[in-house]
Amino acid sequence: MDAIDLSTIFLVVFSFILTIILYQNRSSKNTKLPPGSFGWPVIGETIEFLFSNPEDFVRDRMNKYSRDIFKTKIMGEKTVVICGPNGHKFLFSNEEKLFTVFRTHSMQRIFRSYQSKNPSLSHSQSQSTRVIRQPGFLKPESLARYLGEMDCITKELLRDKVEIKMYDFAKILTLTLASRFFLGSSERMVKLVDCFDDVALGLHAMILNVPGTAFYRANKAAVAIRRELIHVIKEKKDEISKGVKTQDVLCHMIVVKDNNGVSMGENEIADKIMGLLVAGYSTVATTITFLVKYVGERFDIYGKILNEQKEIAATKKEGELLEWEDMNKMKYSWNVICETMRLTPPLQGTFRQVLTDFTYAGYTIPKGWKVYWTTSSTNKNPLYFEEPQVFDPSRYEKCDGPIPYTYVPFGGGPRMCPGKEYARLAILTFLHNVVMKYKWELLLPNEKIVGDMMPTPQNGLPIRLHHHQ
């Protein structure tokens with residue numbers, strides 16, 4: 001090829017690239033994007049997002065750019081954060097119209113079955129949620145059947161305790177409950193509690209797969225959990241082939257078929273179950289831990305909870321387990337749990353993918369961008385909660401309660417957390433058993449809270465338990 005041919009090819013390629021750049025610049029000028037900053041090249045504002053307080057990240061940008069919406073670049077994606085109760089309502093009202101679920105790239109890498117060549121396809125990403133919604137595993141009637149076992153497990157794990165690290169205990173408790181519920185057994189999974197911790201921490205980590213990083217530890221932990229789950233799946237299949245009847249989620253995943261009559265493979269089932277276990281234990285464990293912390297700081301609140309639980313216990317026979325009707329009587333106890341989740345949200349937020357261009361608050365958000373939904377714009381905002389830093393369960397006793405869409409710990413709309421009722425039962429069952437058996441004191445009252453996306457007491461919240469006389 002001679003010099004003239006090379007120069008011609010170079011000129012054509014250069015012209016093509018220049019045309020694309022000019023078109024993109026013209027398009028962006030014609031589109032009124034939300035205010036904000038994409039931060040540094042490549043990494044954007046990911047470091048500030050992951051390693052600063054999430055509430056500060058959102059509040060600072062709301063104050064700087066807009067109370068309604070701002071743009072940023074986090075986790076490798078151009079993202080908008082839609083804020084306030086109006087933003088929450090808009091998001092919840094437009095699920096699967098303007099938005100669909102989006103898993104972070106780290107999550108897709110850890111849970112391999114979430115990966116898709118076409119990112120707009122949400123089938124694989126949301127199948128595990130549909131699997132547990134459709135047969136009604138999380139409906140009240142199904143959960144009511146599991147409540148007695150939940151009560152027994154909690155009583156047994158609380159037996160003869162004197163000093164414990166509450167966060168470690170809560171993780172063992174909630175992983176045991178989740179494993180029994182989803183798998184029908186718990187022993188194997190509970191031994192891997194540290195692995196589940198690593199996976200949970202890696203879900204929003206930067207993708208740096210080198211030793212010492214959160215993402216590397218999460219990947220390694222996921223391999224160990226997946227390996228153990230494959231053994232459990234094979235054993236469950238063997239039980240099914242022998243006619244053993246079980247009604248747990250794993251059994252349903254094994255036998256269910258798609259529209260083409262194809263069953264899920266073992267690796268895919270293992271990923272789905274691992275995702276459900278992580279979701280079913282980590283957020284509940286966080287709420288239980290901070291519930292014990294806040295109640296341990298307020299003996300007046302402890303006394304009100306104890307009185308309510310004593311009234312419920314007085315209606316039951318010796319040794320009778322908790323029932324659904326008992327849970328519905330725990331109104332003050334649930335208000336205390338709600339206030340715990342307001343002050344320390346167990347889940348900071350989730351991502352959505354934009355399906356089509358749309359306009360909000362006068363700004364255009366392009367198709368393919370991501371939306372980050374978070375409780376951080378309302379939970380501690382004095383516009384919606386008087387004295388927001390004060391732990392006050394009475395907020396939820398008022399006739400009107402919080403302003404609509406200001407308190408949404410479980411999300412809303414079609415993608416409201418399907419495990420909301422499961423979490424409510426697990427936390428209330430723990431609270432009933434612990435206050436009926438013990439008083440407690442915080443051994444480190446001023447213990448530092450570490451972690452940003454997943455808040456954790458630095459020393460695990462050590463407490464001393466005192467039996468009631």
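Let's start with C195, which counts as buried because its relative accessibility is 17%; buried means under 20% relative accessible area, exposed over 50%, and partly exposed in between, using a 1.4 Å probe and protein chains only. C417, at 34%, is partly exposed. The disulfide count comes to zero, where a disulfide is a pair of cysteine sulfur atoms within 2.5 Å.

A word on the model: it is predicted, so local features need pLDDT of at least 70 and side-chain atom pairs count only at pLDDT 80 or more, while totals for chains, interfaces and linings use all residues. Residues are numbered from 1 along each chain as its sequence is written, and side-chain values use heavy atoms, with hydrogens and water left out.

Five strands form an open sheet in the order 1-2-8-5-3, with mixed pairing. Strands here are DSSP runs of E with at least two residues, and helices are runs of H or I with at least four, numbered from the N terminus; two strands pair if DSSP finds at least two bridges between them. Strand 1 (69-74) and strand 3 (99-101) are the edges, each pairing on one side only. From one strand to the next, the twist averages 40°.

Strand 3 runs antiparallel to strand 5 (residues 349-354), and three bridges join them. Within strand 5, Q353 is the bridge partner of T100.

## Helices across the sheet

Helix 3 (residues 54-64) lies across strand 1 and strand 8, at about 130° to strand 1. Angles run from 0 to 180 degrees between N-to-C directions, and axes are lines fitted to C-alpha atoms, for helices over the stretch in contact. Helix 4 (residues 84-93) lies across strand 2 (77-82), strand 3 and strand 8, running at about 125° to strand 8.

## Around S377

S377 sits in the loop between strand 8 (370-374) and helix 17 (420-437). With 3% relative accessibility, S377 is buried. Beyond its neighbours within four places in sequence, S377 is in contact with V58, M62, C83, G84, H88 and Y384; contact means heavy atoms within 4.5 Å. A polar atom of the S377 side chain lies 2.9 Å from the backbone nitrogen of G84.

## Helix 14 against helix 16

Helix 14 (residues 299-314) packs with helix 16 (residues 331-343) at an angle of about 140°, their axes 8 Å apart. Helix 14 contributes I301, K304, I305, E308 and Q309, and helix 16 contributes K331, Y332, S333 and V336.

Technical notes: Polar contact = N/O pair within 3.5 Å; in protein donor to acceptor, adjacent residues only side chain to side chain.
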